[in-house]
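Here is a friendly walk through one protein model, meant to be read with the structure open beside you. Take a moment to turn it around before reading on.

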Amino acid sequence: MVQLLDVYTFQLQKKVQGKYQKEATSFDEIAKVLIDKNPQKTKMEALLQEIVKTFDTSFLLSSDSSKAICFKNVEDFSIADDSNTISGIFLGGNTGQQYDVYSNEDASTVTHIVKPSEVASLPFFFKIWFPKDFNTGVLVVHRYSTNTCFGLFKKNLYELFSSIGFKLNTQKFVPKEKID
């Protein structure tokens with residue numbers, strides 16, 4: 001299975017009086033909000049705590065219930081306050097359909113059935129970098145060939161930042177036409 005990294009740039013816009021500002025916000029401004037909510041934490045620990053609250057430990061489903069993701073081992077995440085990065089592994093995969101599982105060597109016998117209420121999950125790596133004194137960050141998300149959970153991951157990050165008054169905007173760093 002081919003493993004790839006998708007790289008995105010992102011900016012956050014602050015909501016002021018019900019409207020998002022046109023200018024992107026620096027991470028230091030976002031950090032102030034996070035530290036106000038979590039005063040005993042560093043800014044990256046505070047961000048991680050908000051991510052954990054958003055993603056919880058149960059699987060979050062996509063709107064059509066075809067994909068699900070969760071953060072299972074948050075204690076394994078890496079936080080680097082000096083470089084403003086968070087990285088870790090989340091689980092993600094297909095759900096909502098029944099899958100028959102077979103041995104590679106015997107296609108005549110089903111060895112297991114994945115039920116529609118179960119998730120056929122794979123581990124996905126992510127890294128988020130908030131450069132100091134700059135308003136554009138980098139988000140790196142792992143995928144397997146065409147199997148990706150980025151849309152659901154991004155949706156939940158969007159909801160996280162929206163809950164603290166910011167709008168997340170992402171853009172693929174390398175355009176699709178340059179990759180193909």
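The report below goes from the overall picture to a set of paired strands.

Please keep in mind that this is a predicted model. The protein holds four helices and eleven strands. Along the principal axes, its C-alpha atoms fill a box of roughly 60 × 40 × 35 Å.

Among contacts between residues at least 6 apart in sequence, 62% join residues at least 24 apart.

Now for the strands around β4, which covers residues 67-70. How do its partners run relative to it, parallel or antiparallel? Strand β3 runs antiparallel to β4, and strand β6 is antiparallel to β4 as well. The table sets out the two pairings.

| Pair | Residues of the partner | Bridges | Facing residues |
|---|---|---|---|
| β3 and β4 | β3, residues 60-61 | two bridges | Leu60 opposite Ile69 |
| β4 and β6 | β6, residues 85-95 | four bridges | Lys67 opposite Asn94 |

The β3 and β4 pair forms a hairpin, with five residues between the strands. In that turn, look for Ser65, which has a positive phi of about 60°.

Note on methods: Residues numbered from 1 in each chain as written. Predicted model: local features only at pLDDT ≥ 70, side-chain atom pairs only at ≥ 80, totals over all residues. Heavy atoms only, no water. Contact = heavy atoms within 4.5 Å. Pairing = 2+ DSSP bridges.
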